[in-house]
Amino acid sequence: MAKAIHSMIRVVDENLSVSFYKSAFGFNVADRLDFDTFTLVYLRGAESDFELELTINKGKREPYALGEGYGHLAFCVDDLDAEYKRLAAAGFNPRKIVEFKREEALLARFFFVADPDGYQIEVLQCHGRYK
């Protein structure tokens, strides 16, 4: 059976991205592999073995065009309101909290926040299928 182990995004500024993911989601550098033309940085939180792989192409200064095919990363938290306030206080400008319902039943509470490269990250309240 296959096991999901990481997702990769391309970022322009390694330090800015590592700092964001540490401050916003408690991710720490699990590994860093430096090559002639690019660097791979693997970030991991304490809750899971799943990693976010940052690819930094050396010499790249302009932001990447994210295109219309990129969806989002998603993280689940125990206290959505507290995380919203924490991220807002840190200057990350989260978008408003949304309650997603079907026939009046709450399916999810969430908000989005953008990382330094513009990738959208969904932050969901642990509830239902989001645990």
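Me: Which helices and strands each supply at least two residues of the lining of the largest pocket?
Reply: This is a predicted model, where local features need pLDDT of at least 70, side-chain atom pairs count only at pLDDT 80 or more, and totals for chains, interfaces and linings use all residues. Residues are numbered from 1 along each chain as its sequence is written, and side-chain values use heavy atoms, with hydrogens and water left out. Helices (H or I, at least four residues) and strands (E, at least two) are DSSP runs, numbered from the N terminus. The elements asked for are helix H1 (14-25), strand E4 (51-57), strand E5 (73-77) and helix H2 (80-89).

Me: Which element gives the most to the lining of the largest pocket?
Reply: A pocket is an open set of points on a 1 Å grid over the protein atoms alone, where a 1.4 Å probe fits, with protein on both sides within 12 Å along at least five of seven lines; lining residues have an atom within 4 Å of a point. Of the 24 lining residues, Phe27, Glu47, Ala74, Phe75 and Cys76 are the closest to the centre of the largest pocket. With five residues, the element that gives the most is E5.

Me: Is Gly118 buried or exposed, or in between?
Reply: Gly118 is found in the loop between strand E7 (105-114) and strand E8 (120-125). Buried means under 20% relative accessible area and exposed over 50%, with partly exposed in between (1.4 Å probe, protein chains only). Because its relative accessibility is 30%, Gly118 counts as partly exposed.
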